Amino acid sequence: MATEQNIINFGNQTKKIFEQIARDVIGQKEVVRGAVIAMIAGGNILLEGVPGVGKTRLVRTLGRVFDLPFSRIQFTPDLMPADVTGTNIIVKDEKGNSVFQFEKGPIFSNILLADEINRATPKTQSALLEAMQEHTVTVMGESHKLSEPFFVLATQNPIEQDGTYPLPEAQMDRFMFKIIVKDSNLAEMKDIVKLTQKTMAEVADPVCSASELLEMRKTANEILVADEVLDYAIRVCLATHPDSECAAQISKTYIQVGASPRSGQALISAAKVNALMEGRFNVAYEDIDALVYPVLRHRIKLNFEALADRVSPDDIIAKILQELHGKRGKDKNK
């Protein structure tokens, strides 16, 4: 059970984290908050936005602030799975015999920046599947454990741009959050230009070690979730299933496949971190609502009608929340 001191320590630590990130990243407060929540909760992050909006810079800054070993892979169409995971090479032992030795790839780090992940072929993208879920890499039948904590922080350009490949559904489901990085406004753009005229280098200081991050995660896991709030979170996820008894009306019209059980796990884990950031000992309905969009938007597969009517996952999520809020209001009045 988390104590009051645990809550205070958590708050102080997150304050330091946000202060240091702000030294390198101008604006994008919601994006930064979502990324920090996912990392504390132990989830992988997919950042989507057009080139030049600061996706890669944010990921590099997170690596500095969390003081974790960091590696970067620039995904390209000719990148091979072995370029990510590593491979066995032939070396000479002390007796002069030829033996296989595993040469680790860049995935053997605490934070892996998969830059422009959707520019690699699905075969190479799938090389990350086991690492993202089990935190292990298997090469030629031998499993290799990754160091903890381990995160994949991926960036991608919108699918409609040339030279990109849609991510496999199984891989999309392994991202806790999909965060949309939008263009900066006038004031933010001006500050960015001023900052980069001085230096392009990141200046954020490390303020959170691996052990401190794991301790923060442990504190978050101990936060309480009332049955009513848990039930609400599950209903939000099931409302995306067109054939479910909890299906929202808009889901029956526009969704082909709803969110997986991982969505419920991700929503509760992230909501606990959000509650702690708000200084509370328990998860509230507001914590669920705050994180529904990044948790669900990449786990919903739209049908042809949605594409024809230009309905986005965020449009559907908004309608689902509206419908559930209406039902909750009626239940309170009974």
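This is a predicted model: local features need pLDDT of at least 70, side-chain atom pairs count only at pLDDT 80 or more; totals for chains, interfaces and linings use all residues.
Me: Is cysteine 237 buried or exposed?

Reply: A residue counts as buried when its relative accessible area is under 20%. The relative accessibility of cysteine 237 is 6%, so this cysteine counts as buried.

Me: Is cysteine 246 buried or exposed?

Reply: The limit for a buried residue is again a relative accessible area under 20%. Cysteine 246 has a relative accessible area of 13%, and therefore it is buried.

Me: How is helix α1 oriented to helix α9: oblique, or otherwise?

Reply: Helix α1 covers residues 4-24 and helix α9 covers residues 210-221; their axes come within 10 Å and cross at roughly 130 degrees. Angles over 145 degrees count as roughly antiparallel, and those from 65 to 115 as roughly perpendicular. The angle of α1 to α9 is therefore classed as oblique.

Me: Which residues of α9 make the contact with α1?

Reply: The crossing of α1 and α9 is left-handed. On the side of α1, the contact is made by Asn6, Phe10, Gln13, Thr14 and Ile17. The residues of this contact divide into three nonpolar, four polar and one charged. On the side of α9, the residues are Glu212, Met216 and Thr219.

Me: Where does the chain have a cis peptide bond, and what is the loop that holds proline 149?

Reply: Most peptide bonds are trans. The bond from glutamate 148 to proline 149 is cis, with omega near -5 degrees. Proline 149 has its place in the loop between β7 and β8 (151-156).

Me: What is the value of phi in aspartate 67?

Reply: Most residues other than glycine have a negative phi. Aspartate 67 is in the loop between α3 (55-65) and β2 (70-74), and it counts as partly exposed at 47% relative accessibility. Its phi is positive, although the residue is not glycine, and lies near 50 degrees.

Me: What is the value of phi in arginine 310?

Reply: Arginine 310 belongs to the loop between α14 (304-308) and α15 (313-333). Its relative accessibility is 77%, so arginine 310 counts as exposed. Arginine 310 is not a glycine, yet it has a positive phi of about 55 degrees.

Me: With which residues is aspartate 115 in contact, leaving aside its neighbours within four places in sequence?

Reply: Aspartate 115 lies in strand β5, residues 111-115. At 4% relative accessibility, aspartate 115 counts as buried. With neighbours within four places in sequence left aside, aspartate 115 is in contact with Thr56, Arg72, Ile73, Gln74, Phe75 and Thr155.

Me: What distance separates the C-alpha atoms of glutamate 142 and phenylalanine 102?

Reply: Glutamate 142 lies in strand β7, residues 142-145. Its relative accessible area is 45%, so glutamate 142 is partly exposed. Along the chain, glutamate 142 and phenylalanine 102 are 40 residues apart, and their C-alpha atoms are separated by 9.6 Å.

Note on methods
Residues are numbered from 1 along each chain as its sequence is written. Side-chain values use heavy atoms; hydrogens and water are left out. Axes are lines fitted to C-alpha atoms, for helices over the stretch in contact, and angles run from 0 to 180 degrees between N-to-C directions. Helices (H or I, at least four residues) and strands (E, at least two) are DSSP runs, numbered from the N terminus. Angles under 35 degrees count as roughly parallel, over 145 as roughly antiparallel, 65 to 115 as roughly perpendicular and the rest as oblique. A crossing is left-handed if the near helix is turned anticlockwise from the far one by less than a right angle, and right-handed if clockwise. Contact means heavy atoms within 4.5 Å. Ala, Val, Leu, Ile, Met, Phe, Trp, Tyr, Cys and Pro count as nonpolar, Asp, Glu, Lys and Arg as charged, and the others, Gly among them, as polar. Buried means under 20% relative accessible area, exposed over 50%, partly exposed in between (1.4 Å probe, protein chains only).
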